[in-house]
Amino acid sequence: MNSPGQNSDEDFITSINYHKQDDLEESKDELSVGLQKYSTDESSDNSTDSGTGSNLSTIPDKSEYFSSKVSYQRRALIRKSISLQLRQIGTNVCQLLTPIISLLLIILLKSIAQSRLSESMNAPIYSGLPYIFNIPLVPVGQLGLLFNLSNCDQWYMYGFQDDVDQETRDFFGYNKGTPIFDPESKGILDGDKNVLQTACPSSERATPYFKEKNASETINQYLFNTLEHLNTQKINYKDMDSEVPDIWMLPDGAFNVYKANESRLEYNVQVNDLRYIQYHRNNGVTKLGIQNPLSNKTSYFINAVQGQISAVDLMNKAYISKLFPNTFIYSGVQIMPISFSFDQEIMKVINMLGGGLFPISLCLMLPVFIYNIVLEKEQKLVEIMKMNGLRMRNYWIITFIFNFILYFITCFVFIMFGRFVLGLTFFYETSYLVLIIFLLGWGLSQISLGFFFSAFLRTAQTASMLGYLISIWVTLVAVSLNITLFAPPQEVSWWLLLYPTFPYTRFFFEISTACGLSSCIRSFNDLSPEATRCLWILYVEAAVFMIFAFYFQQVIPQDYGVPKHPLFCCRALKYKKKSSITTREKIEFLNRQESDLKNIADDSELAQLEDDDAKKERKTVYELPEEDYYKYPLIVKDIRKVYPGIDGRPPKVATKKFCLKIKKGEVFGLLGPNGAGKTTLISMLTGLYRPDSGNAWTAGFDIKNNLEQIQLQMGVCPQFDILWPDLTVQEHLLFYARLKGISPKEESSMVKEAMQDVFLEKFAKFKVNQLSGGMKRRLSVAISLVGDPKIVYLDEPSTGLDPENRRQLWDILSGIKGKRSLVITTHSMEEADVLCQRIGIVSDGVLRCVGPQVRLKTLYGGGYHLFVNCHKSKYLRELKREAKRRAKASSHNTTREESKIKMEINKTYDLNQIHLRLKEFIQETVPNVYLLQEFNGNFTFQIPIEGFNAEKLFLEMESNKEDLMVSDWGISQCTLDDVFTKICTPKEN
C-alpha cells in the first residue's frame, strides 16, 4: 500500500501502464487460446491472485519472523551431532586411545631403559683428588686417578678481529708446538714462560699448541668445513672410547681476540660441545672417562663446561705470567661425589622425548573434523538442510562448538592420564595455565584447518586420506626438524611457522626439553621468546585460516549448491534493501516488460516449441508488476541453465528461458521425459544449482539474493533419499522440525502427526539403514511437509512405493490441497491426473504446454483413441497357403485364370496392402480421423469428438473385420499418457 506522499507517482505510473497495455494488446490477442471455458477459469484465478496473496504479506516485520524461525536451529544441529557421534563407537574409541597409546609408548621406553641398566649404576662415584687445570709436565687432569685418558693431543685455534692493531697481534704472540721439546713461541702464548706445555709423541708437538686461522675464512667456517669432512667418516657408536677418524683436524677450542696489551686482554672462547662423544678427543678437556671402582668399568661423558673453564684458565694464567714473571697460579675443580639417580635421569630423557611424541598424540583430530564436514557435503546432506531452512552460520557455529568439545575431551583424557595415571613430570610440574592456553590455540587451529581443507575436498574418502597424511607426516617432519636442523639455540625459519603444525610442535618441543634439561615451565615468564612467538602465531593463524575457510566455503563451486560471487563481501556492503520503488525504477521495469515481449517474439525456437498457453503463461509473468511478486508462492522468469560439454560433447541446455507462475494453494504437476530439465529446474528453485540467467521468486524473495529466506519457507522431497543412515525416523523428523523453527512444545505432536500421515509411527525408533526403500521414500515426503512450509517441491515422490502405499501417499497429498502450494515432478501420468490442478509438460528444457488436465486432453488428446491390431505376417502366410490350396483343389480354370487367381490371393494377403486398405477404410468411416502411431501392424488413430458416430464405427468394424485382417480392435477416451506422448514425440517421428 502506498503512502499519501506516493499517490501522484502511482497515478503517473498507472497512466503509463494503460498506454503500454494498448501497445501490447495485439500480442495478447495472438497468445489467447480462445476456449471460453478455459478463459473463464483463468479470469477467476487471476481475481484470486489479486487478493490476499501469500501469508507473508500479512507479516509486518519479516526480519523478526525469520529470526524466530531459526532460533531453534542450533539446538537441532547440536542434538543431531551428539546422536551421530555417540553411534560412531569405533571412531570415539580411536580418538580416546590415540593419546593414551602415545603416553603408554613413553612409559614402555622408560621401562626398557630401566631394565637395561644395572642396579650398580645407581652407586655413588668418588673422585679422590681435585681436577687440576693446566699442570706443567702432566697431561690435563692426569692427577685424577679415576680419570681414564688415552689421547695427549690438545690444541686451540685463534684469530684476530679485522680491526685489531699490530700491537695486539705482537702482544698475543703465537705457539705452534714445534719443535716438540723447544717450541717456537712468543707473547702471551710463549711456551717457555707463560703456557705450560707437555710433549705429546702421538702428535709430535708440545701440547697445548695454537694455530692461527687462515685469512680467507673465519673460525666458524673452518669448523663447519671440518665437520662436513668428519661426517663422511665411519665411526663406532657403541665404543665410547673410540674417536672419529681425522679428529686431529678438530680443535678443542678457539679464541677470538679483540684486544691484548699490558692493561687489557679481551677475547671470547668456544669449545667443542658436539653431541656425539666420538667427536671429542679423550684428553680430559671436553671428554672425560671416569673409572668406577666398584665395577672397574669406565663411563665416558661430554665435559664441555669444564673444558670451557679449562680454556679460560689456560689463557688467563698465560696473561698473568706475561705481566708478572715467575708467578704461577694453581687452579682446578673438586668433583663432588657423583651419585647418579637414573630414574630421574630417565625421566628427564622421557620429558625430552615428549617433544616428539606428545605432538603426535593430539594431531589426529584434524582428519575427523575434515571427514565429518566433507561427508555431509558429499551426500548432499548440507544442501538438503539448506533447502529446509538451515542458516549456514548456525551450521558452522555448531560444527565449531561440537568439534571443540571432541577436542576438549581428547585433551582432558591426555592430561589426566599423563598426570594421575602415569605420573609424568611434564604434566605435574608444567604450569596448567600455560598448557591450557597452548592447547586451546592448537585446538582452534585444527578446527580452522578442518574448515579450510573441507572447502577444497569433495569426497569423504579423499578427505580422510589427505587428513591423516597431513596430520601424521607434517607432524613427523616438524618434530624431526626441531631435533636436527633447528635444535636450540637455532630458531625455526619464519616461513615454516606459517603452517600451524610447526609452531605447535615447536612449542611442545620447547616446554618438553625445558623439563628434560633444566626445570619445567612454571609461568609465561619462563617461556623463551621463540616459544612465546609460537603461542601467538597459533592464535593468529587460527583466525586467518578461519577467515579463509569461510570465504572459500562460500565462493568455490561444489558438486551441489550455489557458490557466491568472489566479491560477495563488497557487494553485501553495497547492497541495500529499499522499502519503496521510485518512479524511475517503475518506468524501467515497464520498459523491461516490453523488451521481454519483443525478445520472446524474436526467439524462433521458443516460438515454435511453446504452445499458445505456454506463451500466455510467459506473457503473464512478464506483465506482472515486480511489487506484486510477494503475493505468489512461486514466480519463475526466464530461468536458464547450461551444463558444459564433456569429452568433446557440446554443452547441454537443461532449461531455456523458463517462465511459470504458481498460485497460492495450487498443486502443479511438472511432467517430461528423462533429461527434459525437470530436476534441474527444481534444483535451481531450491538453491542446489545456480541459474546461468533469469531468476525466480518465492513470496517476493529471489533465489539469487535472498536464498536463505526462501529456504526457510519451503519443503523439498528430492528425487533420491538423502538421509543419515544412523539416525532414526523420529530423530530425522525432530531435526527438521527444529530446523524449521517449530517450538519444543509443538515439535513432538507435529512429528507424531507426520509419522501417522505417512504410516511410519510403528517404525519411529528404526534407523534409516533398517528401513526399506519405500519407507525411506515416505520419510522423505514427511520431512518435506513438516514445519508448515509455504511451497513444497516433490521430485517424483512415489518412486519406490508399492501400489497400496502410493495410494496412501496420494491421499496425504490430496489432503493438503489448498493449504500450501505443491510442485510435483513425476513420470506417473496417473499420479499427475489424480493430484494436480494444473500440469506443465517440459521437453528439451522448454515448457511445451501448460493448463488443467481437461484442457490438455481437449487440445492434444483429440477426444478418442482407436486402437487396431492387424494379423501378423506369420498368420497371414498360413491363410495365404490355405487359400491357394482351396483354390487349386476346386479349380477347373485354365492356366491363365489360375495365375490371375494367385495374383488376387497374393494381393489379398500382402501385408502392405492390408495396412493400406485398413487406413483407407478408417479414413472413409471416420473422415476427421488422424493416425497417431503405426508399428508392426498396430495402429493408433485419434478421433475428434465433433461429428463422431460411434454406432457407425462399431458396425462397420465388426462387419469388415475379417476382410481387413483385423485381429482385435478397441476404442477409448484420451488419457494424459496420450497427451504426454504427443507432446514429447520427436519431430522426425
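In this predicted model, pLDDT stays under 50 over residues 1-60, a stretch for which there are 64 contacts beyond four places in sequence. Where pLDDT is low, the predicted coordinates should not be read in detail. Over the chain, the mean pLDDT is 80, and 79% of the residues reach 70 or more. Among the elements of the chain, the lowest mean pLDDT, 34, belongs to helix α1 (residues 7-31). The highest, 95, belongs to helix α14 (residues 432-454).

Strand β2 is paired with strand β7 (residues 209-212) through 4 bridges, and the two run parallel. Within this pairing, Tyr158 stands opposite Glu212 of β7. Strand β2 is also joined to strand β8 (residues 253-260), here by 5 bridges, and again the strands run parallel. The bridge partner of Tyr156 in β8 is Gly253.

A search of the whole structure finds 2 disulfides. A disulfide is a covalent bond between the sulfur atoms of two cysteines. One of the two links Cys152 and Cys200, with the sulfur atoms 1.8 Å apart. The torsion about its S-S bond is about 70°, so this disulfide is right-handed. Cys152 lies in the loop between β1 (131-133) and β2, while Cys200 lies in strand β5 (residues 198-200), so the pair ties together parts that are 48 residues apart in sequence. The two partners can be described by their accessibility. Cys152 has a relative accessible area of 23% and is therefore partly exposed, since buried means under 20%. Cys200, at 0% relative accessibility, counts as buried.

The other disulfide is formed by Cys515 and Cys520, whose sulfur atoms are 1.9 Å apart. This link is right-handed, with 135° about the S-S bond. Both Cys515 and Cys520 are buried. When the bonded cysteines of the chain are numbered in sequence order, the pairing reads 1-2, 3-4. Cys984, by contrast, is in no disulfide; the nearest cysteine sulfur belongs to Cys849 and is 7.9 Å away. Cys984 has a relative accessibility of 17% and so counts as buried. Cys534 is buried as well, with a relative accessible area of 1%.

Several features of the backbone were also identified. The peptide bond from Thr178 to Pro179 is cis, with omega near -10°. Pro179 lies in the loop between β3 (174-175) and β4 (185-186). The peptide bond from Thr207 to Pro208 is likewise cis, with omega near -5°. Pro208 has its place in the loop between β6 (205-207) and β7, and β7 is a strand to which β2 is joined by 4 bridges.

Positive phi angles occur at residues that are not glycines. Asp246 has a positive phi of about 65° although it is not a glycine. Asp246 is found in the loop between α7 (219-230) and β8, and β8 is a strand to which β2 is joined by 5 bridges. With a relative accessibility of 29%, Asp246 counts as partly exposed. Met965, also not a glycine, has a positive phi of about 60°. Met965 is found in the loop between α33 (950-959) and β26 (966-973). Its relative accessible area is 7%, and Met965 is therefore buried.

Definitions and conventions: Residues are numbered from 1 along each chain as its sequence is written. This is a predicted model: local features need pLDDT of at least 70, side-chain atom pairs count only at pLDDT 80 or more; totals for chains, interfaces and linings use all residues. Side-chain values use heavy atoms; hydrogens and water are left out. Two strands pair if DSSP finds at least two bridges between them. A disulfide is a pair of cysteine sulfur atoms within 2.5 Å. Buried means under 20% relative accessible area, exposed over 50%, partly exposed in between (1.4 Å probe, protein chains only). pLDDT is the predictor's confidence in each residue, from 0 to 100. Contact means heavy atoms within 4.5 Å.
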